[in-house]
Amino acid sequence: MLTATSIIKDCTSGLKKNYRADVDGLRALACLAVVIYHAFPNSIQGGFVGVDIFFVISGFIISSILYRNLFDKENPGHVHILDFYIKRVRRIFPALIAVLIFVAVAGYFILLPDEYRRLGVHIIGGSTYISNIILYLESGSYFNTTSNQKALLHLWSLGVEEQFYLVFPLILWVLYRFKLSFIKSLIVFSVISFATNIYFIESGNGSHSFYMVWTRFWELSFGAILAFLVMFKHDFMGKVQEKNKANYLSFLGLVLIITAYCTIPQDEYFPGYRALLPVLGAVFIIAAGPKAFINHKILSSKLFVFLGLISYPLYLWHWPLLAFDNVLEGSNSNSLVRIGLVVVSIVLATLTFYFIEPPLRYGKGRKLKSIGLFTTLLLLGVVGFFIHKGEIAYKNKVTVDFGGIIDNQEYAKNCLLKFPDFVKQNELACYVKDTEKNDIDIIGDSHTLSLANGLFKAFENEEHALTLLPVTAQCPFYNCSIDNKDRYSLYKLTNQNLDFALNDSGTKLVVLTHYPIAVYKDEEEPEINDQYQVVFNTATKTFNKFKDKNIKVLYLLDIPTMDDATYKNFKNSRRFGRVANYTFSRKLSDNQSIKKTFESAVVEAAKNFDNVKVINLSDYMCQDDVCPAFDNQGNALYIDTNHLSVYGSKMIAPVIKEKIMEMLGR
């Protein structure tokens, strides 16, 4: 029967006399930093660099195993690649499979359908060790709030490691086969990788540097270089590990690591040069040897060794628990709850280490177990695929879709035919009912897009042809730009959309709307800073142009927006399938200063034009000051605090259609 003592003995005997308790203690120091950082980011701002320490430790330990194979006196020159991967499978698959199953099941109950579909992609990434690539392609930054709600975000590091070990054994074999210097060759590889890392950082693509294996290769390679020195350069390492030198080296390593934990900020410039702090810190501590004071007295203590032994399952378990808390609570998460989740993750890691890993990692039938583990992980990838495709049903969910998703995809194809460059210039899709005739043009931002489904449905059987041209976050008036460096130039695309409506001979009516959230500038009169005046002037110029062409304008004052507290309850009620009569105050939305200024300027400008009509959508969605979050059938009207769902879009569309038909004299 496996006991706690026998399990630890079996784990540590894997390297026999080469086992380093202090290295396990260093692993604990790295893992604790990552866990604390994820639970309380402001308490240890650079704790995420614990992963860089993991990379050095991994390079050191795994390279030691590969070197022993290559330089085996009885059978030299063989990497035993199949045996190497079988051991890797038994080592890392059991805990990973347990966590992926947990996330898939828990996510089913906690996440919204669209969130669960995205989780399916991450399960695929986790089961195939390409999470780092998927995360890079998805959003880029590891540090943004969206990433903090991804339950499998942390698997990026496993992707980097396993991609490294797909090629590294072959690299070592080539070096051995052609009698090349291991130290010099690995230094060259490390320098190239480090330079690549710096190149992407300085070229503004820090996320590439963060996630990709070739920009992280040097960190694992540093561990491999150190392993070679420890195993084969005894004279050199003997001098390094002399008592006083070893103590100083170990102390310096610890100082570098603590400095990294305390000073490296969460930004797009990492890894970069700053990653040298934790990497060299780890190298110095390991190089100091097991007899250095810090290594022997602290890192080799029973507590640190134990935490080091459970560090892998602890790393796997802690983040999904915290990520689900981020999903449910956001920035309002309770500190006591997060402390509790850390404790739970330690308990789960301990149970995994004692009861899940041993039966699958040790004992008889190891090859058969490896095949079973490999097959199970691939099957989880298949499950992830079905989750992503929405094939797994969502029971008791209050479903919701973005209002801008048009059921009839022909409208999207028509847009590409009529405006082939639109999607190249813009984040949002446009929709066109008929490529030949267009008499109603809808122009605005993503809130315009959220009205699309309902409006296109409402006009499906009408002779009028709608064209929808939304531009991300943009003011719907000529030369009205927003103070946002990433979206500033998009006002030119809005100008093009307005020009199209103005110059198309079939245009009879233009619908304009916008969610006011920015500081605005009139590009024709940039010296004007008064926000009311900027909006009034640009609206007046726009209305006047359409009047000259005898085109009517319907301006829609924006829908009411939800406050954060209501939205949290609203969203969580959808997660757990509870439809509640959540309402929110219209005043909170109407009294927002930017919105109030923008819309009052529009209303005043419109008074001077008989071709312009203004209606307030909030008047039709709210009763006095009370606005609903669900309709009478229990369907969610919003997808976030300020965008309508399909149901919200379809609810308000008849009102807009009625006003359009009235203005067109029908």
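Q: In which sense do strand β2 and strand β3 pair, and over how many bridges?
A: Good place to start. Strands of a sheet pair through backbone hydrogen bonds, either parallel or antiparallel. In this predicted model, β2 (residues 440–444) and β3 (residues 466–470) run in the parallel sense, joined over 5 bridges.

Q: What is the order of the strands in the open sheet?
A: Reading across, the 6 strands come as β1-β3-β2-β5-β7-β9, and the pairing is mixed.

Q: Why is one side of β1 and of β9 left without a neighbour in the sheet?
A: Both β1 (431–432) and β9 (612–616) stand at the edges and have a single partner strand each, so one side of each has no neighbour there.

Q: Which strands does helix α23 touch as it packs on the sheet?
A: Helix α23 (residues 491–503) touches β2, β3 and β5 (509–513), and its direction makes about 165 degrees with that of β2.

Q: Now a pair of helices: at what angle do α4 and α18 pack?
A: For helix α4 (residues 81–110) and helix α18 (residues 366–388) the angle is about 35 degrees, and their axes lie 9 Å apart. The crossing of α4 past α18 is left-handed. Among the residues that meet are Phe93, Leu96 and Leu100 in α4, with Leu373, Phe374 and Leu377 among those in α18. Sorted by class, this contact has 14 nonpolar, 2 polar and 3 charged residues.

Q: And helix α3: how many of its residues are buried?
A: Of the 21 residues in α3, 19 are buried, so to speak "mostly covered". Helix α3 (residues 50–70) reaches 30 Å from its first C-alpha to its last, close to the 30 Å expected at 1.5 Å a residue.

How values were computed: Residues are numbered from 1 along each chain as its sequence is written. This is a predicted model: local features need pLDDT of at least 70, side-chain atom pairs count only at pLDDT 80 or more; totals for chains, interfaces and linings use all residues. Side-chain values use heavy atoms; hydrogens and water are left out. Two strands pair if DSSP finds at least two bridges between them. Helices (H or I, at least four residues) and strands (E, at least two) are DSSP runs, numbered from the N terminus. Contact means heavy atoms within 4.5 Å. Axes are lines fitted to C-alpha atoms, for helices over the stretch in contact, and angles run from 0 to 180 degrees between N-to-C directions. The expected span of a helix is 1.5 Å times one less than its number of residues. Buried means under 20% relative accessible area, exposed over 50%, partly exposed in between (1.4 Å probe, protein chains only). A crossing is left-handed if the near helix is turned anticlockwise from the far one by less than a right angle, and right-handed if clockwise. Ala, Val, Leu, Ile, Met, Phe, Trp, Tyr, Cys and Pro count as nonpolar, Asp, Glu, Lys and Arg as charged, and the others, Gly among them, as polar.
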